[in-house]
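I opened a new entry for this chain.

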Amino acid sequence: MESSKDIKLIKRIRKYPVIGWREWVGLPELGIAKIKAKIDTGARTSALHAFSLRPFIEEGKHKIRFDIHPLQHNISELITCVADIVDRRLVTDSGGHEEERYVITTPVVIAGQLWPIEITLTERENMLFRMLLGRSALRKRFIVNPARSFVTTRTHKNRP
């Protein structure tokens with residue numbers, strides 16, 4: 001028998017849509033229609049593969065221009081992005097290595113939702129995913145089912 005506390009918790013959880021451990025996301029202000037992201041609840045901040053980082057100042061604002069190959073194993077598609085720099089942070093990766101990274105804020109689209117997130121820029125050329133979506137970006141928005149993949153983009157043949 002479930003207690004009233006359990007029932008309240010279940011109702012609270014059910015209001016959040018479920019996503020899988022990897023999903024296609026969009027970064028519209030960066031001109032990235034879709035990029036495969038690993039949903040990484042172990043990472044606090046989201047990370048984006050970026051190379052040829054070129055910081056500059058425009059009208060008194062610190063900005064950064066960078067390039068990205070949004071699809072893994074496809075170097076023919078190159079997108080040059082420009083964003084405001086909101087910070088520079090020392091980030092420790094999963095291997096324990098520290099790296100100072102530029103931080104930008106940009107809207108992300110996943111499961112029909114759009115909201116701004118912080119993203120650190122780093123070289124991820126040899127990594128399986130061009131983007132990690134960290135727990136700060138997911139907080140109070142989704143439930144992550146680690147047994148599922150691409151939940152938000154899967155077509156359901158038996159649904160009307």
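Entry 1. I looked up a side-chain pair and found a polar contact of 2.8 Å between Ser149 and Trp21. I note that the model is a predicted one. I placed Ser149 in the segment after S11. Is Ser149 buried or exposed? I read a relative accessibility of 13% for Ser149; the cut-off for buried is under 20%, so Ser149 counts as buried.

Entry 2. I turned to backbone angles and looked for positive phi outside glycine. His73 has a phi near 65 degrees, and His73 is not a glycine. I located His73 in the loop that runs between strand S6 (61-68) and strand S7 (79-92). The relative accessible area of His73 is 75%, and I put it down as exposed.

Entry 3. Lys140, which is not a glycine either, shows a positive phi of about 60 degrees. I found Lys140 in the loop between helix H2 (135-138) and strand S11 (143-145). With a relative accessible area of 59%, Lys140 is exposed.

Entry 4. I ended with the chain as a whole. I noted 2 helices and 11 strands, in the order α-β-β-β-β-β-β-β-β-β-β-α-β from the N terminus. The chain has 160 residues, and 37% of them are buried. For contacts between residues at least 6 apart in sequence, I noted that 54% join residues at least 24 apart. I recorded an accessible surface of about 10,100 Å² for the chain, with 51% of it belonging to carbon and sulfur atoms.

Methods: Residues numbered from 1 in each chain as written. Predicted model: local features only at pLDDT ≥ 70, side-chain atom pairs only at ≥ 80, totals over all residues. Heavy atoms only, no water. Helix = DSSP H or I, 4+ residues; strand = E, 2+ residues; numbered from the N terminus. Buried < 20%, exposed > 50% of the residue type's maximum accessible area, 1.4 Å probe, protein only. Polar contact = N/O pair within 3.5 Å; in protein donor to acceptor, adjacent residues only side chain to side chain. Contact = heavy atoms within 4.5 Å. Areas by Shrake-Rupley, 256 points an atom, 1.4 Å probe, with all protein chains shown as cover.
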